Amino acid sequence: MSSLPQNRIFDAPSSPLKCATILLAGGKGTRLHDLTASDSKPAVPFAGRNRIIDFAMANAVRSGIGQMLVATQYAPQTLHDYLPARWGRHFDRSGLVLQDGCGRYLGTADALRHNWDRIAQSPSDEVLVLAADHVYDMDYAALVARHRQSGAVATVAVDVVPLAQASAFGVMQADGDGKITSFLEKPAHPPGMHGDPRRALVSMGVYVLSKRWLKTVLFDTHPQAMDFGHDVIPLAVDQGMAAVYKLPAGPDGHTYWRDVGTLDALRLAQLDFVHGTPARLPRAGAVTDWHLGQGSVAMMGAVVSQSADLRNTIVAPGCYVPPGLVAGYDPQEDAAWFTRTPGGTVLITQAMLDRRAVLRIPQSRMRVAPQFGHPHQVRSSLVKDQQHA
């Protein structure tokens, strides 16, 4: 799939986008296991030097957003260090503000309630709410323009997924004019789209809302509302005032949006970038800097010995994978030392490797290739045999 050249990713938009913008970046991401033991889900590395949150940040910059509030909560320090250094210069002076919830936010809508004083400073009547943990390309200016044209109090950005996958998301149905007629948050038996029962419309976690309407909901009529998916969006639907905005297709005629909230999804989404560019990477680099071959990826700072044999594996940041280590072939052996999902993805962290080393795996269970020269002559990050490239 083709895309704009990487050096044009931050071209200035034709006009700034004026609306209150809040990026929700406080998710713990428990399904990513040890990758989020000390970092939030949006801070998890992705495809080389990127972090998951970089996709939303790059979208915002390309859309002309000059001021943004980032609401953090779980393990916020990495983001509080990283975002100003990486992205601060792309926003207005003092335009990128990070606000740590310190455990106070009880849901996505509640995060806006706690930061309403800053949201209220915007002269616009639109509030753009973004999620920080998805991989996609999107022009938020087009979304806001569609919201203004619709007259709705809430517009939900949506993508289309196979019906079998829809239960993990907020699922809705819409009429021919884009008006949402039903909304169900993570239903066990999701309804299909009108005219296409094998697929479903699902929420991307990106919303535009009327500021006046939202203020009334959060502080007056529904002060108990904590979450957009469970509380706020269903209310707008019940009032007949909610609309959808379908993610436009990319240059290849297909949309690309991935929720990378599981180890399987995180690994497979990165593999999508090995032979193509389904979405623009905010920091492009050589695929060989992070792709190990055989369905495996290495994260920032990982060192993998040339004789290691890894299949369908994620190597966590800062790991040193020793010579001869084998993973991804034997489910029982993998599960004894590492995290292995039912889908077959193996996660290796340094703590897991240290535990394994202490308990001394029998040499018969390892494939050891002779190593010559100084031990520091191990190529960093992605040292793999050419046959695995």
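Modeller: Rings of Phe, Tyr and Trp (its six-membered ring) pair if their centres lie within 6.5 Å; planes under 30 degrees apart count as stacked, over 60 as edge-to-face and the rest as tilted. Here, ring pairs link F46, F55, Y256 and F273 into a cluster. Before we go on: this is a predicted model, where local features need pLDDT of at least 70, side-chain atom pairs count only at pLDDT 80 or more, and totals for chains, interfaces and linings use all residues. Residues are numbered from 1 along each chain as its sequence is written, and side-chain values use heavy atoms, with hydrogens and water left out.

Colleague: OK, how many aromatic pairs does the structure hold?
Modeller: Seven. One of them is F46 with F55, an edge-to-face pair at 5.5 Å centre to centre and 90 degrees between the planes.

Colleague: Are F46 and F55 buried or exposed?
Modeller: Both are buried, where buried means under 20% relative accessible area, exposed over 50%, and partly exposed in between (1.4 Å probe, protein chains only).

Colleague: And what about F169 and W257, what sort of pair do they form?
Modeller: A tilted one, 5.3 Å centre to centre with 55 degrees between the planes. F169 sits in the loop between β8 and β9 (170-174) and W257 in strand β13 (residues 257-259), so the pair ties together parts that are 88 residues apart in sequence. Those names come from DSSP runs, numbered from the N terminus: helices are H or I with at least four residues, strands E with at least two. F169 and W257 are both buried.

Colleague: You mentioned β8. Which strands does β8 pair with?
Modeller: Two strands pair if DSSP finds at least two bridges between them. β8 runs antiparallel to strand β11 (residues 199-210), joined by eight bridges, and V156 has Y207 as its bridge partner in β11. With strand β12 (residues 242-246), β8 pairs in the parallel sense over five bridges; there A154 is partnered with A242.

Colleague: Switching topic: which residues have the most contacts inside the largest nonpolar core?
Modeller: M68, L83 and Y140, in a core of 42 residues. Such a core is a set of buried Ala, Val, Leu, Ile, Met, Phe, Trp, Tyr and Cys residues joined through side-chain atoms within 4.5 Å. α1 gives the most to this core, with six residues. There's a second, separate core of 40 residues too, including I52, F55, L263 and V315.

Colleague: So what is Y140 in contact with?
Modeller: Leaving aside neighbours within four places in sequence, its contacts (heavy atoms within 4.5 Å) include L17, A56, L128 and V206.

Colleague: Last one, R340. Where does R340 lie?
Modeller: In strand β21 (residues 339-340). R340 is partly exposed, with a relative accessible area of 27%. Its side chain makes a polar contact of 2.5 Å with that of D334. A polar contact is a pair of N or O atoms within 3.5 Å; within protein, one must be able to donate a hydrogen and the other to accept it, and residues adjacent in sequence count only if both atoms are side-chain atoms.

Colleague: And which side chain does E333 make a polar contact with?
Modeller: The side chain of W337, at 3.3 Å. E333 is in helix α9 (residues 331-337) and counts as buried at 16% relative accessibility.
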